[in-house]
Amino acid sequence: MYTDITKTETKNAQGMPKVSHLEDVARTIRDDAFATARAQMPASQKSLDTLPLLHVPAFFNAFKFRVAKSAARVIAANDERVSALYLFEESANPDAGTEEYLPLDATIHLLVRVQSNSAALEAFVASLDRALASQMSELPTRLLSERKSILDVICVTERDIENGTGFASLLSSLFAPP
């Protein structure tokens, strides 16, 4: 059984839905990630309603990965200075033998390799983040519905990578590479 995860749209003064392009993109990212993650579940779990499904770690992590992958594609397509994107888990323990040690976390940590920093890229990422958080707030779990932010995007330049400073050092990490 499929449970609709959208809610009534807000209307403007003319009675038309208030939607920005990024809201449409974020909704598509959310819905595609949800459908793809559901399709990966064992047959016994595919029919779960939305709320219990969101609390299954395998589903939640697959959903989060698909959202991250799509968000990364949108970011890369928006700015030619982006040369690579890496997903990483800030709280990951490379010594842990199983995912069960980590609580479910909705934050998507992306390391963005850029030729140079840009205020335009930062503004775009902030707008995409707000749109994703808005779309995620429509899901029936506090894990997502109370979030004001989903994306944690950190830009690193070639100079940062060469110097191994800050989060750029993750790119050469032996224990927890992105």
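Is Thr107 buried or exposed in this model? The structure is a predicted model, in which local features require a pLDDT of at least 70 and side-chain atom pairs count only at pLDDT 80 or more, whereas totals for chains, interfaces and linings use all residues. Residues are numbered from 1 along each chain as its sequence is written, and side-chain values use heavy atoms, with hydrogens and water left out.

Thr107 is buried, with a relative accessible area of 14%; buried denotes under 20% relative accessible area, exposed over 50%, and partly exposed the range in between (1.4 Å probe, protein chains only). The residue lies in the loop between strand 1 (82-88) and strand 2 (108-114). Helices (H or I, at least four residues) and strands (E, at least two) are DSSP runs numbered from the N terminus. Not counting residues up to four places away in sequence, Thr107 touches Lys64, Arg147, Ile150 and Asp152, a contact being heavy atoms within 4.5 Å. The side chains of Thr107 and Arg147 are joined by a polar contact of 2.7 Å (a pair of N or O atoms within 3.5 Å; within protein, one able to donate a hydrogen and the other to accept it, and residues adjacent in sequence counting only if both atoms are side-chain atoms).

Two of these partners of Thr107, Lys64 and Ile150, also line the largest cavity, together with Phe60, Phe63, Val67, Ala106, Ile108, Met136 and Leu144. A cavity is a set of points on a 1 Å grid over the protein atoms alone where a 1.4 Å probe fits but cannot get out, and lining residues have an atom within 4 Å of a point. The lining comprises eight nonpolar residues, no polar residue and one charged residue (Ala, Val, Leu, Ile, Met, Phe, Trp, Tyr, Cys and Pro being nonpolar, Asp, Glu, Lys and Arg charged, and the others, Gly among them, polar).

Gln135, in helix 5, is buried at 2% relative accessibility. Its contacts, residues up to four places away in sequence being excluded, are with Glu23, Ala26, Arg27 and Arg30.

The protein chain has seven helices and three strands, in the order α-α-α-α-β-β-α-α-β-α. Of its 178 residues, 34% count as buried. The mean pLDDT (the predictor's confidence in each residue, from 0 to 100) is 80.

How values were computed:
On a 1 Å grid over the protein atoms alone, a cavity is a set of points where a 1.4 Å probe fits but cannot get out, and a pocket is an open set with protein on both sides within 12 Å along at least five of seven lines; lining residues have an atom within 4 Å of a point.
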